[in-house]
Amino acid sequence: MSGDQLHTYEPTDLDDMSPLQALDAMTADVRGHRITVDSTGLFDATRHIGLLCHLAARMAADAEYQLSPNIADLPPAEHLGASAGHLGQAVAHYTQALAPLLVLTTTAQDTPRQKLDSLDHHNRLRSHLDDAGRALTAARTVLAVQQPLTAPGKPAPAPLRAPAVRRRA
């Protein structure tokens, strides 16, 4: 299936999915829209950064929300927080990939010398994109861990409260 035939996900679509489904959709989108050394690749890279930022913010918000008692259908806050951290790493690598991508996209590569000079940029670009892919895999691994069932009758955790302020009379 070519990149043009894949559905492109937008934040509204991702918000209607579970965290794991949203991450899988984002990963499929990254695979379906490979970063190429042209204006399309530059567009895809900035689009992926935006989607990853949205997904990382959502995971962080879900982690905070999960700290409330009796919240169902979300992974534990620790897993959501760890996944958000990995998504942040993916965002960082995509952002770092912009510099070599911009150079490769805007610099002529007509002569053998220009092509040779561009090898370092190609290597840096590939390295950052590979690291971003590993961060996405790590985020998925954290979310995909099965949770042990809680024992029946186990009370819900008490809500977090601010410590009481003692005043001297």
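In what kind of crossing does helix 3 pass helix 4? Helix 3 passes helix 4 in a left-handed crossing, a term used where the near helix is turned anticlockwise from the far one by less than a right angle. This is a predicted model, in which local features need pLDDT of at least 70 and side-chain atom pairs count only at pLDDT 80 or more, whereas totals for chains, interfaces and linings use all residues. Residues are numbered from 1 along each chain as its sequence is written, and side-chain values use heavy atoms, with hydrogens and water left out.

Helices here are DSSP runs (H or I, at least four residues), numbered from the N terminus.

| Pair | Angle | Axis distance |
|---|---|---|
| Helix 3 and helix 4 | about 165 degrees | 8 Å |
| Helix 4 and helix 6 | about 165 degrees | 8 Å |

That angle makes helix 4 roughly antiparallel to helix 6, the term for angles over 145 degrees. Helix 4 also passes helix 6 in a left-handed crossing, and their contact has 20 nonpolar, nine polar and two charged residues.

Helix 4 covers residues 77-106.

The structure holds seven salt bridges, each a side-chain nitrogen of Lys or Arg within 4 Å of a carboxyl oxygen of Asp or Glu. One of them joins Asp 29 and Arg 47, with the closest N and O atoms 2.6 Å apart.

Definitions and conventions:
Axes fitted to C-alpha atoms, helices over the stretch in contact; angles between N-to-C directions. Helix = DSSP H or I, 4+ residues; strand = E, 2+ residues; numbered from the N terminus. Parallel < 35°, antiparallel > 145°, perpendicular 65-115°, else oblique. Nonpolar A, V, L, I, M, F, W, Y, C, P; charged D, E, K, R; others polar.
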